[in-house]
Amino acid sequence: MPAPGVTSPPLSRPRAPLFLCACFAALVMTVTVHKARCCATSAGNGLVYPQKIVLIMKIVTRFAPSPTGFLHIGGGRTALFNWLFAKHHQGTFLLRIEDTDRARSTQAAVDAILDGLKWLGLEWDGEAVSQFERKDRHAEVVAEMLANGTAYRCYCTPEELDAMREAQKAAGQQPRYDGRWRDRDPSEAPAGIAPAIRLKAPREGETVVNDHVQGEVRVQNSQLDDLILLRSDGTPTYLLAVVVDDHDMGVTHVVRGDDHLTNTFRQLQIYNAMGWAAPEFAHIPLIHGPDGAKLSKRHGALGIEAYRDMGFLPETMRNYLLRLGWGHGDAEIISTEQAIEWFTLEGIGRSPSRLDFAKMENLNAHYIREADDARLVALTSPFIEAKIGRALTDAEKERLLRSVPGFKPRVKTLLELADGSLYLFANRPLALDDKAAALLTAEARSQLAALAEAFAASPDWSGAALEQIVRDHAERTGLKLGKLAQPLRAALTGSTVSPPIFEVAEILGRAETLVRLEDVAKGG
RNA sequence: GUCCCCAUCGUCUAGAGGCCUAGGACACCAGCCUUUCACGUUGGUAACACGGGUUCGAAUCCCGUUGGGGACGCCA
């Protein structure tokens, strides 16, 4: 315990009373360190009720993407977990854009991330913070560290560092900054070289993080080198900026990808150097592709907007992403409200998971079935308009609206809904897909001609009336209903899949239905 | 290479030493329903990576092996 190391707040994956103490410790940490000590102590002896904690504790989480690409699905899940955790505790969910790498950050990427989060329905509190704009504050903190002796100037050139790493590798050692400027007298500084500022990290002992997902993880300080805080051009590095910003923004819980676990040790060292209380951490396992390989923006993974364009609903994504790495008993279909109520860090699994499009589609089919018809029309119209190359008229949207209820149980994505609705707006003669064309045999065509005649004579153009006509016809000719209904479907929709076919005829209307039947009867 | 993490059906997961003959969901197969395709419904195939411990008892705890992943930048 008295080791010269650094430890994050002692926390594991406790239940019952232990958990309450832990939460309490977390909350006081946001106030001041001194209060934290005494409150934590008294909490340890007394009984603390959850209700009270909710009143006192203000949870603050954040999502901190770097704008070097779109919002990929792993980032989306990280954002979701942070959002859910904040909502669960009636806390605050902040957004910070980590744009300190000026060369790689783009406004287009910032916009894509913002759009992606909005589409997912993950609204953040307050304004999005630009990390780059806080660079003066970062420099100020480093000046403080320089003054208190926890940081120093390093005059190594990039070439020199490369050479050092090469030599270490050649000697079979692991590449690490050797601290050559750590204790050197400033008077030895070479002229004309702007120094980078490094952290004077502890060399003895170990650093421990008590992670909400990974449990207690420790590393020997000898494994960690003196990281750069401020580049020679005066800009902050990620490791420094994250710590300063999380501290200044009052972040209480850092929920992020597993790939940051090893960064945490170094960040803890910075917290310690500044005498700041560290937030609590939860490192969630990464999402892998269907092949098990790493999924990241560097490996061509899809942006969240790609899922939108494939016709997935945002509520599908929230549910699917939630279940990827998090579980609540046997629950599968989980509404967002329910998710907020149930979500805890302790429910997060420790092993990486793979993307499964089939399951995502199944969930999407569920949410499409549940979705409001007018909303589906609004979401599907753009897909249709893109395909037919023109805007839909109000009358056409009305027609779409009438066909949606019968069709939505049959599709898995909005894109399928759009494709399957195209016949409503298609120009004659209708293009037939292969299966539909195969249905239209000479025999079928002559039956359709007979049906067309009967339809034309019907005073009532309702789906029910038309169905009765076909049923009567089937009875008279001894044909099975399917033998008539299927060719009818092919003739009217060009496909073998559609909403209930008599409904289709009703929506299409008398004139359009008869002329389409005529087209087919003519053999065209 | 060094350090760190992970390991239950094909996939997502339940599982907190006896409720496990290992449960659910997706996918797959078969039946029912049916106006095609679906939805729905009934049933089925399918997993504790391996080896040692600890224990009366291990999917669960410990150690090792193997396999997978992550991190080792004046990127984030």
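## Helix α8 and its surroundings

Helix α8 is followed by glycine 250, whose phi is positive, near 70 degrees; helices here are DSSP runs of H or I with at least four residues, strands are runs of E with at least two, and both are numbered from the N terminus. The model is predicted, so local features need pLDDT of at least 70 and side-chain atom pairs count only at pLDDT 80 or more, while totals for chains, interfaces and linings use all residues. Residues are numbered from 1 along each chain as its sequence is written, chains are lettered from A and ligands numbered from 1 in the order in which they are written, and side-chain values use heavy atoms, with hydrogens and water left out.

Buried means under 20% relative accessible area, exposed means over 50%, and partly exposed lies in between, with a 1.4 Å probe and protein chains only. The buried residues of α8 are Leu239, Leu240, Ala241, Val242, Val243, Val244, Asp245 and Asp246. Their cover includes the strands β2, β3, β9 and β10 (253–257) together with the helices α6 (135–147) and α9 (261–274).

## The chain as a whole

Chain A contains 22 helices and 13 strands. Of its 524 residues, 48% count as buried. The chain exposes about 24,500 Å², of which carbon and sulfur atoms supply 53%; accessible areas come from the Shrake-Rupley method with a 1.4 Å probe, and for residues only the protein chains shown count as cover.

Among contacts between residues at least 6 apart in sequence, 78% join residues at least 24 apart. Contact means heavy atoms within 4.5 Å.

## The parallel sheet β2-β3-β4

Three strands form an open sheet in the order β2-β3-β4, and the pairing is parallel; two strands pair if DSSP finds at least two bridges between them. The edge strands, each pairing on one side only, are β2 (60–63) and β4 (129–130). Strands β2 and β3 are joined by 4 bridges, and phenylalanine 63 stands opposite leucine 95 in β3. The pairing of β3 (residues 92–97) with β4 runs over 2 bridges, with isoleucine 97 having serine 130 in β4 as its bridge partner.

In a regular strand the side chains alternate between the two faces of the sheet. Both faces of β3 are covered: Thr92, Leu94 and Arg96 are buried on one side, and Phe93, Leu95 and Ile97 on the other. With 6 of its 6 residues buried, β3 is therefore largely enclosed by the rest of the structure.

## The antiparallel sheet β5-β6-β9

A further open sheet of 3 strands has the order β5-β6-β9 and antiparallel pairing. Its edge strands are β5 (151–154) and β9 (228–230), each of which pairs on one side only. From one strand to the next the twist averages 45 degrees.

Between β5 and β6 (residues 196–199) there are 4 bridges in the antiparallel sense. One of the paired positions joins tyrosine 152 to arginine 198 in β6.

## Packing of α20 against α22

Helix α20 (residues 481–493) and helix α22 (residues 510–521) pack at an angle of about 105 degrees, with their axes 8 Å apart. Axes are lines fitted to C-alpha atoms, for helices over the stretch in contact, and angles run from 0 to 180 degrees between N-to-C directions. The angle makes α20 roughly perpendicular to α22; angles under 35 degrees count as roughly parallel, over 145 as roughly antiparallel, 65 to 115 as roughly perpendicular and the rest as oblique.

Leu488, Ala491 and Leu492 of α20 meet Thr513, Arg516, Leu517 and Val520 of α22. By class, this contact has 5 nonpolar, 1 polar and 1 charged residues; Ala, Val, Leu, Ile, Met, Phe, Trp, Tyr, Cys and Pro count as nonpolar, Asp, Glu, Lys and Arg as charged, and the others, Gly among them, as polar.

## Individual residues

Phenylalanine 383 lies in helix α14 (residues 373–388) and counts as buried at 17% relative accessibility. Leaving aside neighbours within four places in sequence, phenylalanine 383 is in contact with Arg308, Asp309, Gly311, Leu414, Leu415 and Ala418.

Glutamine 90, in the loop between α4 (73–88) and β3, has a positive phi of about 50 degrees although it is not a glycine. Glutamine 90 is exposed, with a relative accessible area of 57%. Elsewhere, a cis peptide bond with omega of about -10 degrees joins arginine 428 and proline 429, and proline 429 is in the loop between α16 (414–421) and α17 (434–439).
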